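Here are my notes for someone opening this one for the first time. Have the sequence and the 3D view side by side as you read.

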Amino acid sequence: MADAAKLLGDSWTLLILRGVSYGVTRFDDLRCELGISSATLSNRIAKLVDLGLLEKRQYQVPNARARTEYVLSQSGRGFGTVLFAMMRWADTYLGKEASPLDLVDPETGKVLDIALVDDQGAITDWQKAVPLVHTK
């Protein structure tokens, strides 16, 4: 957990990952959306590409040069669970308005939430869980 926090813990990095997960994949769009300087955004994107959370993909609009957009890698998509859990936690405990965003199942339209499940898929109360330390 400490390693993940050290690598990903600054707010710009989290906001970039959130933006890309919402479909904002182009540099200029991210810069405008986040109000971040070009230098800071460039630095954080390079870090996220190096860590394997973002991948570069070429795109080209008609009559323009090819450009790069940034999409979530498998690792980056996996981090979406962390982002959603942070959002739910903030909605519940920071005393601000609830997020205007819900995640929904695309097939059923049902609102999704965060839960821990056992290996059979049953929801588990994490506060009753006990740590299991694996030894070599």
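1. A word on the ground rules. This is a predicted model, where local features need pLDDT of at least 70 and side-chain atom pairs count only at pLDDT 80 or more, while totals for chains, interfaces and linings use all residues. Residues are numbered from 1 along each chain as its sequence is written, and side-chain values use heavy atoms, leaving out hydrogens and water.

2. Start with the largest nonpolar core, which has 18 residues. (Such a core is a set of buried Ala, Val, Leu, Ile, Met, Phe, Trp, Tyr and Cys residues joined through side-chain atoms within 4.5 Å; buried means under 20% relative accessible area, exposed over 50%, partly exposed in between, with a 1.4 Å probe and protein chains only.) I16, L17, L30, L48, L54 and F79 have the most contacts inside this core. Two or more residues each come from α2 (11-21), α3 (27-34), α4 (38-50), β2 (67-72) and α5 (74-93), and α2 gives the largest share, four residues. (Helices, H or I with at least four residues, and strands, E with at least two, are DSSP runs numbered from the N terminus.)

3. Have a look at L54. Not counting residues up to four places away in sequence, L54 touches I16, L17, V20, L48, V49, Y70, V71, L72 and S73 (contact means heavy atoms within 4.5 Å).

4. How do α2 and α4 cross? Their axes come within 10 Å and cross at roughly 75 degrees, so α2 is roughly perpendicular to α4. (Axes are lines fitted to C-alpha atoms, for helices over the stretch in contact, with angles from 0 to 180 degrees between N-to-C directions; roughly perpendicular covers 65 to 115 degrees.) On the α2 side, W12, T13, I16 and L17 meet T40, L41, R44, I45, K47 and L48 of α4.

5. Next, α5: 20 residues, reaching 30 Å from first C-alpha to last, close to the 28 Å expected at 1.5 Å a residue (that is, 1.5 Å times one less than the number of residues). Its buried residues are G76, F79, L83, F84, M87, R88 and D91, and their cover includes α1 (2-8), α2 and β2.

6. S73 sits in the loop between β2 and α5 and is buried, with a relative accessible area of 4%. At the start of α5, a side-chain oxygen of S73 reaches to within 3.3 Å of the backbone nitrogen of S75.

7. N63 lies in the loop between β1 (54-59) and β2. Here phi is near 65 degrees, positive in a residue other than glycine, and N63 is exposed at 86% relative accessible area.

Technical notes. Polar contact = N/O pair within 3.5 Å; in protein donor to acceptor, adjacent residues only side chain to side chain. Parallel < 35°, antiparallel > 145°, perpendicular 65-115°, else oblique.
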